[in-house]
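This briefing concerns one structure, shown below.

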Amino acid sequence: MEVVILPGGRQIASLVADAVENLLRNKPDAVLGLATGSSPLPVYDELARRHEQAGLDFSRACGFTLDEYVGLEPGHPESYREVIRRDFADRVNIDPDNVLGPDGSAADIPAACRAYEDRIRERGGIDLQLLGLGTDGHIGFNEPGSSLASRTRIKSLIEQTRRDNARFFRSLDEVPHHVVTQGLGTILESRHAILLATGAQKAQAVHDLVEGPLAAICPASVLQLHPHASIVLDEAAASSLK
Ligand code: F6R
């Protein structure tokens, strides 16, 4: 695991966009793992800028999102399918048919989760997985207590995560209680995982992830087992590291 501490969001976005750009230049049909939430937004802005101004080409790439809410009607603006379309896919030249997410509205969710894992495998696995970090140490929506070997499946959100995400909805009541998420075992199979965290509210989770024991109580600590994980932080998020 490498830990990179940078002064601020602009430098983080630039470094992570460099990693995506290098990958696409070496492997134009790369498979990207896409996170939602606030943390990756500056990266998507920078990738959109490089596409527009320097022709960074996503035409042969594909993307798999990490997770999805259960119970939002199709087209809901906060469904992660919509969020990733708006924040990333519509702003570069990736084929919309090549951007997939777990299906939170399937009649048979376990079957849809298995199918999602099959799709990832058929594309050869994820080359570069972007991750944010929950204040409770979650990655994807693998909440504390998640099996370190878990695969894509349905999970319940804890109240802290629902409260953290209420800013995207009109009220806390509208935040779904359930999600489908890639598992920790799924995330571990990515060839390179880049986790971004900014702000003092992430400092404890960053400490637990980097310096705490490998433990299901901090799901992100599973990245200690990842063969190529980069933890990219601003100074506030790094402030509890020794
Ligand atoms: C989103 C996701 C979550 C977020 C995490 C941090 O797809 O999987 O793990 O990355 O909740 O969210 P932000 O970046 O909004 O602080």
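Asp-67 is buried because 22 other C-beta atoms lie within 10 Å; a residue counts as buried if 20 or more other C-beta atoms, placed from the backbone, lie within 10 Å of its own. The model is predicted: local features need pLDDT of at least 70, side-chain atom pairs count only at pLDDT 80 or more, and totals for chains, interfaces and linings use all residues. Residues are numbered from 1 along each chain as its sequence is written.

**Annotated active site**
- The unreviewed UniProt entry assigns "active site" to Asp-67, Asp-136, His-138 and Glu-143; such annotations may be inferred rather than shown by experiment.
- Asp-67 lies in strand 4 (residues 67–69), strands being DSSP runs of E with at least two residues and helices runs of H or I with at least four, numbered from the N terminus.
- Not counting residues up to four places away in sequence, Asp-67 touches Tyr-80, Pro-102, Gly-140, Phe-141, Val-179, Val-180, Thr-181 and Gln-182, contact meaning C-beta atoms, placed from the backbone, within 7 Å.
- His-138 is found in the loop between strand 6 and strand 7 (153–156), and is buried, with 27 other C-beta atoms within 10 Å.
- With residues up to four places away in sequence not counted, His-138 touches Glu-143, Thr-161 and Pro-219.

**Helix 2**
- The buried residues of helix 2 are Pro-42, Val-43, Tyr-44, Glu-46 and Leu-47.
- These buried residues pack against helix 1 (9–26), helix 3 (80–87) and strand 6 (128–131).

Note on methods: Buried ≥ 20, exposed ≤ 12 C-beta atoms within 10 Å, placed from the backbone. Contact = placed C-beta atoms within 7 Å.
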